[in-house]
Amino acid sequence: MTLHMNLAQNSYDIIIEHGALRQSDKYLSLDRKILIVTDNGVPNEYAQTVAGFCKTPYIVTVPQGEGSKSFACLEKLLGVMLQNGFSRTDAVVAVGGGVVGDLAGFAASAFMRGIDFYNIPTTLLSMVDSSIGGKTAINYMGIKNCIGAFHQPKKVLIDPDVLQTLPKRQLANGLAEAIKMAATFDAELFSYIEESNIEENLDTIIIRSLAIKKNVVEQDEKESGLRRVLNFGHTIGHGIESCAMGNLYHGECVALGMLPMCPPAVKERILKVLKKSGLPTGIDFNPETVFKAVTHDKKRDGDCLRIVYVPEIGTYEVKTVGIMEFKNTIEEAFAK
């Protein structure tokens, strides 16, 4: 199946097909120098498969985890391209999860003021969310994604077969983003996740989640309005992630971040879906610590924060709340 991201000169296809990785040359322009970026948590054969189709491949493997979204890793990728004579006609391919996609995409955006970038996500989270939309970034001084750029991929290749090697916790991690999109935009998809056998229906969940994000990005590529709704759960989630120091995955933090941003009846439905999906429903962090991390968030506006609130499943409100009001919300949600 092919979804088309319609962004004028930045348009591209999103291919969802079992076995697509083994046919990379069918979909990607690889007859040039290609920097393939992966991490040591991704089966080595995935990057090697892509390399086998490239005219001149260079594989760089970074350590698994958020720590690789750093200046040091960015410098390494740029150095490999400079030392091997990459030009503006060459390309970068990400083969991995959201960290790899963010890092590789940012390197592609910065090298020679922007070269082609292909994304081959290998986790459920990156498939349903970060692989499309063009957000690329690294972290700095403990703040997630504070240095980055919008750089749309030339194509996204999604092969559900690679999920067979994914641990259950990582599958749950990705489901958090699908739940987020369903909660804000698609009540029918939310009910589908509630009622269906999730593992047997991953293809449907992937496609429908992608369709939601595609529609949002087409209307608001640079996050000036509607796209902010996709931050549901992220404002508090990013604060939790900063406090977790690698002990919680991104999707797990987003899952927790959704819970204070809805009324009791909606929270109850979300809680049930989180439990069904194997996601956490409570944390042990001091609410004050989470609050301090949240106040560094990019969505802060002076003494206020923009938050996404879900009054009913499938709907949303974007609100501006005072910092102290928001602090109370966190304390009420996560106080022991």
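Let's start at G98, which lies in helix α4, residues 98–110. Keep in mind as you look around that this is a predicted model. G98 counts as buried because its relative accessibility is 18%, under the 20% cut-off for that class. What does G98 touch, once its neighbours within four places in sequence are set aside? The contacts are T123, S126 and S130.

Strand β5 (residues 91–96) and strand β6 (residues 116–121) run parallel and are joined by 6 bridges. Within this pairing, A94 stands opposite N119 of β6. Further along the sheet order, β3 and β4 also run parallel, with 7 bridges between them. There, I36 has I59 in β4 as its bridge partner. Strand β3 itself, residues 33–39, is mostly covered, with 6 of its 7 residues buried. As you follow these strands, remember that in a regular strand the side chains alternate between the two faces of the sheet.

Now for the charged side chains. Side chains of opposite charge can pair when their charged atoms come close. Across the whole structure, a search finds 15 salt bridges. One of them joins K180 to D129, with 3.8 Å between the closest N and O atoms. This pair links distant parts of the chain: K180 sits in helix α6 and D129 in helix α5 (residues 124–130), 51 residues apart. Are these two residues buried or exposed? Both K180 and D129 are buried. They also belong to a network of salt bridges that links D129, E177, K180 and K213.

A second salt bridge brings together the side chains of K135 and E223, at 2.3 Å from N to O. Because K135 lies in strand β7 and E223 in the loop between α8 and α9, this pair ties together parts that are 88 residues apart in sequence. The two partners fall into separate accessibility classes: K135 counts as partly exposed at 36% relative accessibility, whereas E223 counts as buried at 18%.

The side chains of E218 and K214 meet at 3.0 Å, N to O. Why are E218 and K214 separated by about one helical turn? The reason is that they are 4 residues apart in helix α8. An α-helix has 3.6 residues a turn, so residues three or four places apart point the same way. With a relative accessible area of 27%, E218 is partly exposed, while K214 is buried at 16%.

Strand β7, residues 135–140, holds another residue to look at, Y140. Y140 is partly exposed, with a relative accessible area of 40%. Together with F71 and M141, Y140 makes a nonpolar surface patch of about 360 Å².

We finish with helix α9, residues 234–244. This helix is largely enclosed by the rest of the structure, because 10 of its 11 residues are buried. The buried residues are H234, T235, I236, G237, H238, G239, I240, E241, C243 and A244. What covers the buried residues of α9? The cover includes strands β8 (143–150) and β11 (304–309), along with helices α6 (168–185), α10 (250–258), α12 (287–294) and α13 (323–334). Just after α9, M245 takes a positive phi of about 55°.

Terms used
Residues are numbered from 1 along each chain as its sequence is written. This is a predicted model: local features need pLDDT of at least 70, side-chain atom pairs count only at pLDDT 80 or more; totals for chains, interfaces and linings use all residues. Side-chain values use heavy atoms; hydrogens and water are left out. Two strands pair if DSSP finds at least two bridges between them. Helices (H or I, at least four residues) and strands (E, at least two) are DSSP runs, numbered from the N terminus. Patches are made of residues with over 30% relative accessible area and no salt bridge: like charges are joined within 9 Å, nonpolar side chains (Val, Leu, Ile, Met, Phe, Trp, Tyr) within 5 Å. Accessible areas come from the Shrake-Rupley method with a 1.4 Å probe; for residues, only the protein chains shown count as cover. A salt bridge is a side-chain nitrogen of Lys or Arg within 4 Å of a carboxyl oxygen of Asp or Glu. Buried means under 20% relative accessible area, exposed over 50%, partly exposed in between (1.4 Å probe, protein chains only). Contact means heavy atoms within 4.5 Å.
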